Amino acid sequence: MNVEQISSQKCFGGQQQRFKHQSQVLHCEMNFSVYLPPQAEHNKSLPVVYWLSGLTCTDENFVQKAGAQRIAAELGLILVAPDTSPRGANVPGDPDGAWDFGVGAGFYLNATQAPWNQHYQMHDYVVHELPALIEAHFTDSAQRGIFGHSMGGHGALVCALRNPGRYQSVSAFAPICNPVAVPWGEKAFSRYLGEDRSTWPEWDASLLIAKASERLPMLIDQGDQDSFLLNQLRPDALQAAASAAHYPLVLNLQSGYDHSYYFIASFIENHLRHHAGALV
């Protein structure tokens, strides 16, 4: 459970920090970023909101581009951003060198197929190993929220739906809502999980929501000018499933917005207040 600090900068009265540690789940060294709001100096029981980033990102994209620290400082939220996949010389990537599978594209699931299953256990890392580390070093609180973008939005929804009681809040920006039915998901799932599609629904929010045992209010923002909206993201599938299951989903289709961090930065305050309403 040892961590080594890489960097620390003062930000809105708190500290934006970066760490590395040896993951026992992923069998490699991992980096993660933590924003400690100013309240953390005197309060060791602040809640934590975990951010899961999208394809090709690292732990640094969110902390540098989303503009989340100002509101987190106001609300007294710790923000944690893990990397998007295992990394290192021994971690296999896409055999064709593509950006949408392998390194930078862990899809927040537990791979079952060789050689990916040796390292790509991102679900267990995000849900269990990383929170245990955070709660050992940064807070005594077990109050947790989770959110993310694109592939990370998929990860956040799946983590919450698969682990009732683990999180008190969930939201997403432009999530991959129905990965079993879109090219990004089909490519990742067929390799990480194998060609037997009967195992895939356990990692698809639009299919998990029908059997959800808790009703955790879910907030999603989606830009209507997102180039991935129709072919890769499919919020319509999640909305239909939530309606059929009477699941409390608020899905905002934001006019003129795309898939970028400009979109995320525009609505990050709403999401942090959504989480604070359940956590603080």
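Tutor: In this predicted model, helices are DSSP runs of H or I with at least four residues, and strands are runs of E with at least two, numbered from the N terminus. On that basis, Pro 115 falls in the loop between E5 and H3.

Student: What makes the peptide bond that joins Ala 114 and Pro 115 a cis bond?

Tutor: The omega angle decides this: between Ala 114 and Pro 115 omega is about 0°, and the bond is cis.

Student: How many aromatic pairs are there?

Tutor: With ring centres required to lie within 6.5 Å, the count comes to 19 aromatic pairs.

Student: Why is the pair of Phe 62 and Phe 147 called edge-to-face?

Tutor: The ring centres of Phe 62 and Phe 147 are 5.9 Å apart and the planes stand at 80°. Centres within 6.5 Å make a pair, and planes over 60 degrees apart count as edge-to-face; therefore this pair is edge-to-face.

Student: What makes this pair one that ties together parts apart in sequence?

Tutor: Phe 62 belongs to helix H1 (residues 60-65) and Phe 147 to strand E6 (residues 144-149), so the pair ties together parts that are 85 residues apart in sequence.

Student: How do you know whether Phe 62 is buried or exposed?

Tutor: Buried means under 20% relative accessible area. Phe 62 has 3% and therefore counts as buried; Phe 147, at 0%, is buried as well.

Student: Why is the pair of Tyr 120 and Tyr 192 called tilted?

Tutor: The centres of Tyr 120 and Tyr 192 are 5.2 Å apart, with 35° between the planes. Stacked requires under 30 degrees and edge-to-face over 60, so a value between these counts as tilted. Tyr 120 lies in the loop between strand E5 (78-82) and helix H3 (122-137), whereas Tyr 192 lies in helix H5 (residues 183-192).

Student: How do you know that the charged end of Arg 162 sits over the ring of Trp 203?

Tutor: The distance limit is 6 Å from the ring centre, with a further limit of 35 degrees from the ring normal. The charged end of Arg 162 is 3.7 Å from the centre of the Trp 203 ring and is assigned as sitting over that ring.

Conventions: Residues numbered from 1 in each chain as written. Predicted model: local features only at pLDDT ≥ 70, side-chain atom pairs only at ≥ 80, totals over all residues. Heavy atoms only, no water. Phe/Tyr/Trp six-rings, centres within 6.5 Å; stacked < 30°, edge-to-face > 60°. Buried < 20%, exposed > 50% of the residue type's maximum accessible area, 1.4 Å probe, protein only.
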